[in-house]
Amino acid sequence: MSEPSADAATVEEFAASQGLRVDESAGLRGAFRWFLGFMRQKRLGAAGVLLVFFWSVIAVGTVGDGGGWLGVGRYDSRDVFEIASATYADDKLANALDGLDEDVSDSSLREIVSDPEIFGAAAIDQGVAGEMVDYALNHVQEGTLVAQLVDEEQIEIRGGTIHDVDALLATGTDNPLTAASLQGPSSKHWLGTDRAGHDLFSRVTEGARLSLYIGFFATLIGVGAGTVIGLVAGSLGGTVDLTVNRIMDAIQSYPPIVFLLLIASLTDPSALWVTLALSVLGIAPTNRIVRGSVIQIREMPYVEAARTIGASSIRIMVFHILPNLFAPLIVIFSITIGAFILAEAALSFLGLGTLDVSWGKMIADGRQFIVYSPWTSLWAGLALTSLVFGFNVLGDALRDVLDPRLRGSR
């Protein structure tokens, strides 16, 4: 039997002559073919890929606080305050002009609007009454005050008399900071505004960035640590394995919610601490799965062969066992991200999460307005559901494809 040439084509011909099948799955081309096959065969998995990709693009394109996606819906707290103050001032001016003749003189208007009291105690306490007086006087000087209030639908002219429409403060509050709040979806605010007047579209995109950040890094740390511990324990066995198992039992016996509450009470609310706390919860489950797989793999003939020729334990773990764990690790990683995203939202909903914009916090803030302003919680809830659903069905599809026992079963 002649020796095969180093030339790739000759190697393939030699392999074929010996009845061997040449593996064409390696390389970028093979990976691309595998991906296309996955998208065709696993419809739910394909939907998961698209959902994860969509929210990843949203998260990457959201830059800076209040940035929205690529600047769309960008808000600034000061701008929101100024808009709210102007709208609030219009409402209070409508109250003050209610019942006056539509031909009221500018001198009478100037006298009415010069009194800070008409704007209420909240505006005076917050130091914005003076700005509102100047705002109203400018309109009086330009002769546009009544027309402005008509355009803003704050007043109506009926029978030559000014009537206050009084349809602004739907929340029942009397605060200039909430005058622009809870606006419904519109061309200006695609998803409406929250109770502070912030654009909900930009808040949802900011929440995506936080959720993916915490979910990815918490999973990376937790699954990474669990993999190393399970690999070492399963490979070495004996006392090491027994000790590690007892420690993992102790970790899993502690209720996760109690552990998270303990961490929240001992630390400042931040994305870093939430990430680290969640990552600890991912170590024990990953260790269990990895250890079980390692125990099976270490009995395989190729591992025994490596041990026979004198390969060290570390070399066997790194070069012979770890590569065969990639398939289950990919599945664990994708499913755990979804679980951690949901856990972060739950913590924020309870007020124990980060101070940054979070979907869980948005859902909690909108609960009291859910009857007449359902969008305050609806969009964040839909975003959270779609992202977690995407990771879950993606992980389930990958398990079907990568686990030989399940391959082709669905």
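Start at G143. Select this residue, just after helix α7, and look at the backbone: G143 takes a positive phi of about 70°. Keep in mind throughout that this is a predicted model.

**Helix α7**

Now colour the buried residues of α7: A129, M132, V133, A136, H139 and V140. Turn the view until you look down the axis of α7. How do its buried residues fall around that axis? They keep within an arc of 130°, so they line one face of the helix. Next, highlight Q141 and E142. Both are exposed, and they sit on the face of α7 turned away from its buried side.

**The whole protein**

Zoom out. Show the cartoon, and you will see 17 helices and 2 strands. The protein has 410 residues, and buried residues make up 41% of them. Switch to a surface view.

**Aromatic rings**

Show the aromatic side chains. A search of the whole structure finds 6 aromatic pairs. Select F54 and W55 for one of them: the ring centres are 5.1 Å apart and the planes stand at 75°, so this pair is edge-to-face. W55 counts as buried, at 9% relative accessibility.

Move on to Y213, F216, F217 and F333. These four residues form one aromatic cluster.

Then select R315 and F319. R315 lies over the face of F319, at 4.8 Å from the ring centre.

**Helix α4**

Select residues 77–97 for helix α4, and pick out D91 within it. D91 has a relative accessible area of 3%, so it is buried. D91 and F119 are 28 residues apart in sequence, and their C-alpha atoms are 8.9 Å apart in space.

**Helix α12**

Go to residues 271–297, helix α12, and find G292 there. The C-alpha atoms of G292 and G234 are separated by 7.2 Å, although the two residues are 58 residues apart along the chain.

**Helix α16**

Finish with helix α16, residues 359–365, and select K361 in it. K361 counts as partly exposed, because its relative accessibility is 22%. The cut-off for buried is under 20%.

Which residues does K361 touch, not counting those up to four places away in sequence? Show S348, F349, T354, L355 and D356 to see these contacts.

Key: Residues numbered from 1 in each chain as written. Predicted model: local features only at pLDDT ≥ 70, side-chain atom pairs only at ≥ 80, totals over all residues. Heavy atoms only, no water. Phe/Tyr/Trp six-rings, centres within 6.5 Å; stacked < 30°, edge-to-face > 60°. Buried < 20%, exposed > 50% of the residue type's maximum accessible area, 1.4 Å probe, protein only. Lys NZ or Arg CZ within 6 Å of the ring centre and 35° of its normal. Helix = DSSP H or I, 4+ residues; strand = E, 2+ residues; numbered from the N terminus. Arc of directions from axis to C-beta. Contact = heavy atoms within 4.5 Å.
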